[in-house]
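Please look over the sequence and the model below before reading on.

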Amino acid sequence: MRFNPVLEQLGAYPIAVVHERARAMREAGRTVIDFSIGDPREPTPQFIPDTLKQAVPEVSQYPTTPGLSTLREAISEYLERRFGVVVDPAMQVIPTSGSKEAVFNTPLAFVDRAAGDMVVYGTPGYPIYERGTLFAGAEPYPVTLRDDFVLRAAHIPEEVWDRARIVWICTPHNPTGAVTSSLDLDELLARARRHGTWLFSDECYADVYEGDSYPEGPPSLLQLAGEGAPGVLTFFSLSKRSGMTGYRSGAIVGDADAIGALKRFRTATGTASPEFVQA
């Protein structure tokens, strides 16, 4: 029997191996300090499980891909409070089942396998950028990050920009916590638009920071993208900011045409977030 060769190419997911080993040690009664997957140790705020339980319906029905309008509106209100940006909740926001599946699946809606597309991302970094790239049929281009672990426009050769369908950035950076400045975000955005490249920003850790260093919080790519955020998608998650890793709740926000494409694509994937989690 044959399998997708990408599975053999990638092998086991290293973080999952460590996570499973840590869980087995805990179940055996060992004391474990787990540096693998980034699960919270603090309880989820009580109003969150209370609301979820109240929202579980008597009759279970499929959630819709665009999600509840109340959630999309809440996300847009958060973005205005946190970053001072205004987005259209109907056209520029789509809920996801956490950010991991969203990061993995999104290239499938944008990559043209026949065009020799490249997907660029920094290394060290989140392994899912590479995995989503390979399963989508694009060529990965990892950029070795320098001393401050920030991916900058100048780190990507011109000939790679010419082939890049997607450039991934992560700020604050996983795993180092490095923050990409507004100046560097602006330069990446200008270069991406010049080449017709999608710029995707993984901002899962946007609300995990030291207030003394960032009184207003780390910046978002949305703040530089302008009205409608053309050419830009940002990826958010409640996992870290609210201790909700097991709830699988996140969102993609940005370019309305890209969000429209994702609505069409995600209808086929069955990854719509359960409505009691949305609540």
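A residue is called buried here when its relative accessible area is under 20%, exposed when that value is over 50%, and partly exposed in between. The model is a predicted one, and these words are applied to its computed areas throughout.

Side chains of opposite charge can pair when their charged atoms come close. The rule used here asks for a side-chain nitrogen of Lys or Arg within 4 Å of a carboxyl oxygen of Asp or Glu, and by this rule the count comes to eight salt bridges.

One of them joins the side chains of aspartate 207 and arginine 82, with a distance of 2.8 Å from N to O. Because aspartate 207 lies in the loop between β5 (198-202) and α9 (222-225) while arginine 82 belongs to helix α4, this pair ties together parts that are 125 residues apart in sequence. Aspartate 207 has a relative accessible area of 23% and is therefore partly exposed, whereas arginine 82, with a relative accessible area of 14%, is buried.

Another salt bridge is formed by the side chains of arginine 165 and aspartate 117, at 3.1 Å from N to O. This pair, too, links distant parts of the chain, since arginine 165 sits in strand β4 (residues 164-170) and aspartate 117 in the loop between α5 (100-105) and β2 (118-123), 48 residues apart. Arginine 165 counts as partly exposed at 23% relative accessibility, while aspartate 117, at 6%, counts as buried.

A further salt bridge connects glutamate 158 with arginine 191, whose closest N and O atoms are 3.5 Å apart. Glutamate 158 lies in helix α7 (residues 158-163) and arginine 191 in helix α8 (residues 182-195), so the pair ties together parts that are 33 residues apart in sequence. Is arginine 191 of this pair buried or exposed? Its relative accessible area is 18%, and arginine 191 is therefore buried, whereas glutamate 158, with a relative accessible area of 40%, is partly exposed. Elsewhere, salt bridges that share partners join Arg82, Asp207 and Arg241 into one network.

From these contacts the view can turn to empty space. Rolling a probe the size of a water molecule over the atoms shows where empty space is left. The largest pocket has a volume of about 810 Å³, and it is lined by 35 residues, of which Ile37, Gly38, Asn174, Tyr205 and Lys240 lie nearest its centre. Helices α2 (14-27) and α10 (238-241) each supply at least two residues of the lining of this largest pocket. By class, the lining of the largest pocket divides into 18 nonpolar, 12 polar and five charged residues.

The second largest pocket has a volume of about 640 Å³ and a lining of 28 residues, of which Leu71, Leu238, Arg241, Ser242 and Ser249 lie nearest its centre. The lining of the second largest pocket has 18 nonpolar, six polar and four charged residues.

How many cavities of 30 Å³ or more does the structure hold? The structure holds one such cavity, and the volume of the largest cavity is about 100 Å³. Of the 15 residues that line the largest cavity, Gly122, Leu151, Ile169, Cys170 and His173 are the closest to its centre. Strands β2 and β4 each supply at least two residues of the lining of the largest cavity, and β4 gives the most to that lining, with three residues. The residues that line the largest cavity divide into 11 nonpolar, four polar and no charged.

Conventions:
Residues numbered from 1 in each chain as written. Predicted model: local features only at pLDDT ≥ 70, side-chain atom pairs only at ≥ 80, totals over all residues. Heavy atoms only, no water. 1 Å grid on protein atoms, 1.4 Å probe; cavity = no way out; pocket = protein on both sides within 12 Å on 5 of 7 lines; lining within 4 Å. Points joined across faces, edges and corners; volume = space filled by probe spheres on them. Helix = DSSP H or I, 4+ residues; strand = E, 2+ residues; numbered from the N terminus. Nonpolar A, V, L, I, M, F, W, Y, C, P; charged D, E, K, R; others polar. Buried < 20%, exposed > 50% of the residue type's maximum accessible area, 1.4 Å probe, protein only.
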